[in-house]
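Open the model in your viewer and keep the selection panel at hand. The stops below go from one chain to the other, with something to select at each.

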Amino acid sequence: MTFDYQVRIRIGICLLIFFALLSSLESLINAYKVYGVSGADYITRYEKRFDEIRGFLPARGIVGYAGEGINYTEYWKSDAVGLQNWFLTQYTLAPLVVSITTNHKLTIINNTQGGDPIVSENAEVTARDLANGAQMLDFGNGIKLVVTQ
Amino acid sequence: MTLRLILSILAPQITAFILISAVWPGQTRIRSHFLLKCCLSIGAGLGLLSCVYFLQLALFGPSRKGLVIALVAVVIPAIALFVYRLRSNKDASQSECIREPISRMELILSVLFIVAVASAVATFVFLSVREPHGEWDAWAVYNMKARFLFRAGNDWRDLFREPTGWTSPDYPLLIPAGIAACWTLMGGETVAVPITFGMLFTIATIGVVYISVSLLRGKNQGLLAGLILACTPFLPIHGANQYTDVPLGFFLCATLALFHLQDTLPEQTYRFFEHGFLVLAGVMLGFSTWTKNEGVLFLVAIFVARFVALVPAKGLKSYGRQLAIVGVGLVPVLLVVFYFKVTLATPNRMLFPPQGPGFFEKLLDTSRYWIVLNAFVTEGLVFGKWVVSLTACLLFYLLLIGLSINQKEVTNVVASLIALGIMLIGYFMALVMSPLDLSGHIATSLNRVLLQLWPSFILVFFLMVRTPDQALARSEVLSH
């Protein structure tokens, strides 16, 4: 009986440690599986899409933002991809404030819908005049800039 | 760049180490409790850097030179205080710690603990290489704010200008300001800084739990506690995600650990430095409020819990005295938080939501309570991402090994349990009253807020259960 107790204690401690280490090992293997090459992560590639437009934007201040999936009156009801695109634009362009409010001299249009951003990162810029005297610059990778006079 | 990175992160931690050593009770030797001091210095150093940077930014504007001067202004009194402590303690007898021979169990547990920490570090590294910018909340809120503070120059207040509030402009700035401060010291931006922050807080959390339990309940118990924490996959995963729940978890468990450690010392009413752990607990408590808004709830939880546990046991006077000493460390940090909240932060969108059902409508809606309760139970059972239910494993272990709380520890253990209970109730009610879509909010936040409490729970759990040595010794007694 006393032997049983000691064995039970030992087994209990061993089982706790075993499951702990097994969980840690499983987590390590899963992390290794998703491990990729540095610099090729989604956000780093996403940020590269904005290399061209940066030259047309002020360093600071506030610009407008428009994108698919954004609910402009109640932004929290926007779809996840739309929100992600808006937030990533803000992360990339900080300290520029990227706002979904209207009446801005410059408005960024970002339509990627979660597609792989690396596909068209080096496209050429084309300009098009809009009916209201505004101009739209198309960076060819889903990003456009509307310049209102 | 690498050298600058190391220096920018190491400099505030050395400062914090000196300050911690200066107020450390008993022996003032550097080597005394070296590892614990190092772990505490990680959080305290980054917290200190963040506060100094924020104040310098708010009062004098952005300047690298100004930041260096401000840090030097902190280092000099820290060294002076440390030298004063060294001199005043010169004649004190410095008993050498006699190291007992290592038992077989300790050796095995030590090796397994090292394996567990190495595995957690490797997991962290793989995930960080894959996602160097962290996950959603990291890049969308904290790292974005850090970039803003660092890049905006004199326009840094624009960060609080956006009217929609998705960036949580009411959130305190320990992590963003800490990252921006390191970039300022380095003179450039790199994702290595937030990654290093995540790594340091992850390791320091494991370290605080391991060492505190070792000091309070013996080495084997400490190793077991550290091992369980290191093997909880959520810790390195969310650490690598650069979520601030890990730093907050660090400050929470460091606060509790320091309260517990204080009670290992003889009560000496009139010697300030003998209450050094309480001063440090105040500092950690303060930094928890500077990390996330949940820290304010923890502040209230600690005060209430210690009142309930301490007053019946030791009287109101003892509680008041403890509070005053905790205040020495707490108040300077709280003043920074208060300044931030008054001058910059916008109203909290959880407390004052622009959307969703009304306050009383949510409060009286019983279905919301059931949904949240169900989520707490479900998440509680699968929490930690173990291959089996971690909660069930610990419950099984508790039933097998049994409880054994040191007489001296009872009041503190009760206080810690009450504090953790208040935190859980607070998180529960925050979800019930959430202005967001309830199921979505639960899915994206519950495991993270539970992770904030997890290191503290492990700490208290292993202070309560019988140690392996006690359990095996008991079985030997039974056999005779």
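This is a predicted model: local features need pLDDT of at least 70, side-chain atom pairs count only at pLDDT 80 or more; totals for chains, interfaces and linings use all residues.

Start with chain A and select its strands: they include an open sheet of 6 strands in the order β2-β1-β3-β6-β5-β4, with mixed pairing. Which strands stand at the edges? They are β2 (97-99) and β4 of chain A, and each has a single partner strand, so one side of each is left without a neighbour in the sheet. Look along the sheet and you can follow its twist, which averages 25° from one strand to the next.

The average pLDDT of chain A is 83, and 88% of the residues score at least 70. Within chain A, confidence is lowest in strand β4 (residues 126-129), with a mean of 84, and highest in strand β3 (residues 106-110), with 91.

**Strand β3 of chain A and its partners**

Select β3(A) together with strand β1 (residues 62-67) of chain A. These two run parallel and are joined by 4 bridges. One pair to pick out is Gly64(A) and its bridge partner in β3(A), Thr107(A).

In which sense do β3(A) and β6(A) pair, parallel or antiparallel? The pairing is antiparallel, over 5 bridges.

Next, select helix α4 (residues 80-93) of chain A. This helix lies across β1, β2 and β3 of chain A, and runs at about 155° to β1(A).

**Where the chains meet**

Show chain B as well and select the residues at the contact. On the chain B side there are 50 residues, in contact with 40 residues of chain A. Which elements give two or more residues to the side of chain B that touches chain A? Select α4 (104-130), α5 (136-151), α8 (219-230), α16 (390-401) and α19 (468-479) of chain B. The largest share of that side, 11 residues, comes from α4(B). Coloured by class, the side of chain B that touches chain A shows 33 nonpolar, 8 polar and 9 charged residues.

**Chain B as a whole**

Hide chain A and look at chain B alone. Chain B has 19 helices and 0 strands. Its C-alpha atoms fill a box of roughly 75 × 60 × 50 Å along the principal axes. With 480 residues, a compact globule would have a radius of gyration near 23 Å, and the 22 Å of chain B agrees with that. Buried residues make up 49% of the 480 residues in chain B. Of the contacts in chain B with a separation of 6 or more, 82% are between residues 24 or more positions apart.

**One residue in chain B**

For the last stop, select Ala240(B), which lies in helix α9 (residues 234-240) of chain B. Is Ala240(B) buried or exposed? Ala240(B) counts as buried because it has 28 C-beta neighbours inside 10 Å, and 20 or more are needed. Leaving aside neighbours within four places in sequence, the residues in contact with Ala240(B) are Phe124(B), Leu127(B), Ser128(B) and Gly198(B). Finally, draw a distance between the C-alpha atoms of Ala240(B) and Leu200(B): the two residues are 40 apart along the chain, and those atoms are separated by 11 Å.

Notes
Residues are numbered from 1 along each chain as its sequence is written. Chains are lettered from A and ligands numbered from 1 in the order in which they are written. pLDDT is the predictor's confidence in each residue, from 0 to 100. Two strands pair if DSSP finds at least two bridges between them. Two residues are in contact if their C-beta atoms, placed from the backbone, lie within 7 Å. Ala, Val, Leu, Ile, Met, Phe, Trp, Tyr, Cys and Pro count as nonpolar, Asp, Glu, Lys and Arg as charged, and the others, Gly among them, as polar. A residue is buried if 20 or more other C-beta atoms lie within 10 Å of its own, exposed if 12 or fewer, and partly exposed in between; C-beta atoms are placed from the backbone. The radius of gyration is taken over C-alpha atoms; the globule rule is 2.2 Å times the number of residues to the power 0.38. Axes are lines fitted to C-alpha atoms, for helices over the stretch in contact, and angles run from 0 to 180 degrees between N-to-C directions.
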